[in-house]
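Look at the sequence and the model before reading on. The paragraphs below go through selected parts one after another.

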Amino acid sequence: MRPLYCVANWKMNKTIQDSVNTTVGIIEGLGDESEQNVHVVIAPQFLAVAAVSQRCQNTVVHTAAQNLCAEAASGAYTGEVSAEMILDAGAKYVIVGHSERRTYYAEEDFRVGKKVARALESGLVPILCVGETLEERERGLEEERVGSQIKIALYGLEAAKVEKIIIAYEPVWAIGTGKSANAADAQKMHQFIRSLLTRLYDEATATKISILYGGSVKPDTTASYIEQPDIDGVLVGGASLESDSFLKIIEAVKESAQG
Ligand code: PEP
């Protein structure tokens with residue numbers, strides 16, 4: 001059975017202390033549960049990654065960075081943070097190619113692919129975000145767009161590496177807008193992504209890769225996604241900022257997973 005994920009993307013929110021406080025709320029809310037098939041991941045702003053990772057030690061919660069440098073482990077790249085530095089801060093995952101980075105920082109598919117490769121090379125698990133704009137969906141181009149994002153991001157990677165990544169399908173029009181894709185439409189895209197992975201690699205590889213849905217997920221909509229055969233968790237922005245709301249989402253994932 002594929003692992004399920006609840007990933008909190010806190011974007012550019014919270015001071016270091018606020019990030020630690022919310023993390024403590026999540027850890028305490030989860031209680032003494034041992035890590036099961038549902039993995040909980042928090043992605044705070046860069047400066048809080050070390051403190052949050054430290055607080056997550058010996059708990060079932062893991063951390064992610066929201067971005068990484070595509071280039072090197074260290075060197076003359078002012079303002080950048082490398083994969084190795086993220087690992088050093090205690091994170092295990094990194095979000096790559098989030099639509100806000102693609103839109104506001106001109107991160108195109110080729111750069112996203114370089115970041116995926118860098119993350120894998122270092123031992124970080126990349127959470128590769130893909131998704132179409134509203135205009136692309138209205139023109140019926142959603143599969144073409146998502147397909148090309150994935151093909152470019154994974155170009156040159158062999159199956160043994162690709163099976164380590166997580167993919168998050170996040171339609172751009174659903175992020176932070178309150179408009180979410182309905183579960184059936186999300187499942188259709190997830191099935192498309194899995195069949196693309198089968199064509200690019202093989203069925204065994206495609207079956208191993210967790211594909212998350214993201215885009216205005218709320219506690220009361222979470223179950224409808226997890227019930228779909230190809231949706232293996234959620235990537236949550238706004239509704240993950242408060243520990244109570246994120247805990248409800250984690251609970252909904254666990255309940256739906258138990259069936
Ligand atoms: C996100 O940031 O990846 C996201 C899905 O945000 P929201 O849940 O707020 O739409």
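The text below starts with the ligand, then turns to a surface patch and ends with salt bridges.

The model is predicted, so local features need pLDDT of at least 70 and side-chain atom pairs count only at pLDDT 80 or more, while totals for chains, interfaces and linings use all residues. Residues are numbered from 1 along each chain as its sequence is written, and side-chain values use heavy atoms, with hydrogens and water left out.

Which residues are closest to the ligand? The ligand is surrounded by 14 residues, and the closest are Lys-11, Glu-170, Gly-176, Ser-216 and Gly-237.

A polar backbone atom of Gly-176 is 2.6 Å from an oxygen atom of the ligand. For Gly-237, a backbone N or O atom lies 2.8 Å from a ligand oxygen atom, and for Gly-238 the distance from a backbone N or O atom to a ligand oxygen atom is 2.9 Å. The ligand taken alone exposes 290 Å², and the protein buries 97% of that. Accessible areas come from the Shrake-Rupley method with a 1.4 Å probe; for residues, only the protein chains shown count as cover.

The surface has a nonpolar patch formed by Ile-16, Phe-46 and Leu-47, with about 290 Å² of accessible area together. Patches are made of residues with over 30% relative accessible area and no salt bridge; like charges are joined within 9 Å, and nonpolar side chains (Val, Leu, Ile, Met, Phe, Trp, Tyr) within 5 Å. Phe-46 sits in the loop between strand E2 (38–43) and helix H2 (49–56). Helices (H or I, at least four residues) and strands (E, at least two) are DSSP runs, numbered from the N terminus. Phe-46 counts as partly exposed because its relative accessibility is 35%. Buried means under 20% relative accessible area, exposed over 50%, and partly exposed in between (1.4 Å probe, protein chains only).

How many salt bridges does a search of the whole structure find? The search finds 16. A salt bridge is a side-chain nitrogen of Lys or Arg within 4 Å of a carboxyl oxygen of Asp or Glu. One of them joins Lys-114 and Glu-71, whose closest N and O atoms are 3.2 Å apart. Lys-114 lies in helix H5 and Glu-71 in the loop between strand E3 (61–65) and helix H3 (83–88), so this pair ties together parts that are 43 residues apart in sequence. Lys-114 is partly exposed, at 30% relative accessibility, and Glu-71 is partly exposed at 28%.

Arg-118 and Glu-84 also meet in a salt bridge through their side chains (2.8 Å, N to O). Because Arg-118 is in helix H5 and Glu-84 in helix H3, the pair ties together parts that are 34 residues apart in sequence. Arg-118 counts as buried at 7% relative accessibility, whereas Glu-84 counts as partly exposed at 29%. A further salt bridge links Glu-135 with Arg-139, with the closest N and O atoms 3.5 Å apart; both residues are exposed.

Methods:
A residue is near a molecule or strand if one of its heavy atoms lies within 4 Å of it. A polar contact is a pair of N or O atoms within 3.5 Å; within protein, one must be able to donate a hydrogen and the other to accept it, and residues adjacent in sequence count only if both atoms are side-chain atoms.
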